[in-house]
Amino acid sequence: ISQTGGFFTPSSGTVIISSVASSTLTISSTLNILQIESTRDSGLVGYWKFDEGTGSSTRDWSGNGNTGYFQSSSTSPFATSTVTSTISFDNPFSLSFDGVDDLVNVPNTISSIQTVSFWVNTTSSNSSFLELNGTAGINATGTALNASGWTSPLYYVNGASSTTRATSTWQHIAVTTNTGISASAINIGRIGSTYIPGHIDD
């Protein structure tokens, strides 16, 4: 198979076609799934998949150019994703944060944020997931989620309305509000001087 043509043999395998730089595919088995990913996820103001696997930055898949930059004393924050295989999306990597100094900084200001969602698997009961500016952020104290600086936030854990989350397991967390937030200092994995220990993903 190439950029200009090829053949797909049914019965097994997966092919992902995206806008990542050209590379040679080595196919060791036949194929039965063709998955085409959009080069831009429309309607989002920022979307970081954390699937690069290497490097010092992470792409904003919303198409708005809000690149995130890693700050870490470790060699690389990337880890093979362990999000449950029953979730049907291409997700080769997550970020593994040490809880000491690892974070992703987005230097651009993003206006009118009303919803933030992410996958998380922490090793500590107290976790600082992210900050949007000097006031607004999302953290957890024990099992209780808290969106400081948000106006009347609504919380969802694994799609259900809840302010309670667990540790040492993957969970999807979403927080939403009707009042837009100007995110002028986005740090994923840190609030102030407190960091998240564990994994975070898109």
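The model is a predicted one, in which local features need pLDDT of at least 70 and side-chain atom pairs count only at pLDDT 80 or more, while totals for chains, interfaces and linings use all residues. Residues are numbered from 1 along each chain as its sequence is written, and side-chain values use heavy atoms, with hydrogens and water left out.

**Overall make-up**

- The chain has 0 helices and 18 strands, where helices (H or I, at least four residues) and strands (E, at least two) are DSSP runs numbered from the N terminus.
- Of the 202 residues in the chain, 37% are buried, a word that stands for under 20% relative accessible area with a 1.4 Å probe, counting protein chains only.
- Among contacts (heavy atoms within 4.5 Å) between residues at least 6 apart in sequence, 57% join residues at least 24 apart.
- The chain exposes about 10500 Å², and carbon and sulfur atoms supply 49% of that area, which is computed by the Shrake-Rupley method with a 1.4 Å probe.

**The open sheet**

- An open sheet is formed by 7 strands in the order S3-S4-S7-S15-S9-S10-S11, with antiparallel pairing; two strands pair if DSSP finds at least two bridges between them.
- At the edges of this sheet are strand S3 (57-58) and strand S11 (144-146), each of which pairs on one side only.
- Strand S10 (residues 137-141) pairs with S11 in the antiparallel sense over 3 bridges, and Asn139 has Asn146 in S11 as its bridge partner.

- Leaving aside residues up to four places away in sequence, Leu95 touches Phe50, Phe70, Pro77, Phe78, Val104, Gly198, His199 and Ile200.

**The charged pair**

- The count comes to 1 salt bridge, defined as a side-chain nitrogen of Lys or Arg within 4 Å of a carboxyl oxygen of Asp or Glu.
- Arg190 forms a salt bridge with Glu131, and their closest N and O atoms are 3.7 Å apart.
- Because Arg190 lies in strand S16 (residues 190-191) and Glu131 in strand S9 (residues 127-131), the pair ties together parts that are 59 residues apart in sequence.
- Glu131 counts as buried because its relative accessibility is 10%.

Definitions and conventions
Buried < 20%, exposed > 50% of the residue type's maximum accessible area, 1.4 Å probe, protein only.
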